[in-house]
Amino acid sequence: MCRVSSFADFQYEIYLAGLSGSVPELPMTAAGLEQRAREVLDPAVFAYVAGSASAERTAAANLAAFDRYRLLPRMWRGATAPGARDLSVEVLGTKLAAPVLTAPIGVLELLHERGETLVAEVTRELGIGMVLSTAASSTIEEAGAAAGAWWYQLYWPGDHELARSFVERAVKAGARAIVVTADTPGLGWRPRDLELGHLPFLQGKGIANYLSDPVFRAKLATPPEESEEALRMAVLTWVGLFGNHGLRPADLARLREWTDLPIAVKGVLHPDDARALVDAGADAVVVSNHGARQVDGAAAALDALPAIVATIGDRADVLFDSGIRSGSDAMIALALGAKAVLYGRPWAYGLGLAGRDGVRHALRLLLGDLDQTMGLAGCASIADLDRTLLSTQR
């Protein structure tokens, strides 16, 4: 596992470079990366990454939810030194150097032509996980060949044979788990994209896994690479297949027939849904509101986490995404019972700003912050993170 001796060493690299007058080229916070991306990226690209559903109330709520908790650092417990800490975990049978995976963000070609493969390379270097989106701009096989510990995120299409083909390709390419997204039977109402009339899929972007799939290609009269008209017809075929409004928890049995890999279901906010999914065979759920991109006014993901942990945490792994922006945010989610967190937009901004170096920078910010803050809070391992470290603010 190739990484620096401690994630927190990142800060000392920066301070030592500062002795010779060198300072970081990229901002040192998630908010700073977002602001720089707003200034630099094409407006349509920035809107696609940054935008959320409707009035974006849930986007604000995801961030504000962390303000309802405060950490209660413990002193003199021998965990301050970087060498005294171990952030490693095992989630769904996957060993990670820290309880962090990159969230599945689609259409990364908007940010960099080698988007998914660059993310795969960086996560492999750092020893953390990657969740590869069905809506990727690189194929399952291309990204899988570059990745270390990676999971495949399935947008279950309206054709079970196509879904099966995606899953079997992921298994063959080395995926270690399947993450089924439940909250996107269709796209949310996203005003930022609507104002610009920008849906990249209609331009043939983000559908590489469809265009390369034998089941999908068999539905086309003409291969999409032969002409612009053939590509347009392929896109229209994609429109008719994306999303599946008919899925029910019982469909996990069908998925289980296709693979022996662990199965997680992403996009769960209600404890009754979590219970039903685990009863139907899910090995994990990801408490998430899709980064607030689907249902505006939905509960903040962090607010939904404790009840779901209480409902299924003794039977299945609970993971978390939607709102993580710092190491202390990750600590709060882990202390509330999440086994790992999925991290999204900040590294996507880094990708758009500086390619591979930008992704690495953004991920090292989170990992370094998590590592150092854990030590200062008296935590030597992830197992030390529990509710006793938290107070609730009113």
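I take a polar contact as a pair of N or O atoms within 3.5 Å; within protein, one must be able to donate a hydrogen and the other to accept it, and residues adjacent in sequence count only if both atoms are side-chain atoms. The model is predicted: local features need pLDDT of at least 70, side-chain atom pairs count only at pLDDT 80 or more, and totals for chains, interfaces and linings use all residues. Residues are numbered from 1 along each chain as its sequence is written, and side-chain values use heavy atoms, without hydrogens and water.

**Entry: helix α7**

I looked up the start of α7. A side-chain oxygen of Asp 159 comes to within 2.9 Å of the backbone nitrogen of Glu 161 there. Helices (H or I, at least four residues) and strands (E, at least two) are DSSP runs, numbered from the N terminus. α7 covers residues 160–173, 14 residues in total. Its first and last C-alpha atoms lie 20 Å apart, close to the expected 20 Å (1.5 Å times one less than the number of residues). After α7 comes Gly 174, with a positive phi near 105°.

I then checked burial (buried is under 20% relative accessible area, exposed over 50%, partly exposed in between; 1.4 Å probe, protein chains only). Buried residues in α7 include Leu 162, Phe 166 and Val 167.

**Entry: salt bridges**

My criterion is a side-chain nitrogen of Lys or Arg within 4 Å of a carboxyl oxygen of Asp or Glu. The structure has 22 such bridges.

Glu 168 is partly exposed at 37%. Arg 164 is partly exposed too, at 32%.

Asp 296 and Arg 57 also form a salt bridge, 3.0 Å from N to O. Asp 296 is in the loop between β9 (284–287) and α14 (301–312) and Arg 57 is in α4 (residues 57–64), so the bridge ties together parts 239 residues apart in sequence. Asp 296 is buried at 14%. Arg 57 is exposed at 53%.

**Entry: whole chain**

I counted 16 helices and 12 strands. The radius of gyration is 20 Å, close to the 21 Å of the globule rule for 394 residues, so the chain is as compact as a globular protein of that length. That radius is taken over C-alpha atoms, and the rule is 2.2 Å times the number of residues to the power 0.38. The C-alpha trace spans about 70 × 50 × 40 Å along its principal axes. Of the 394 residues, 56% are buried.
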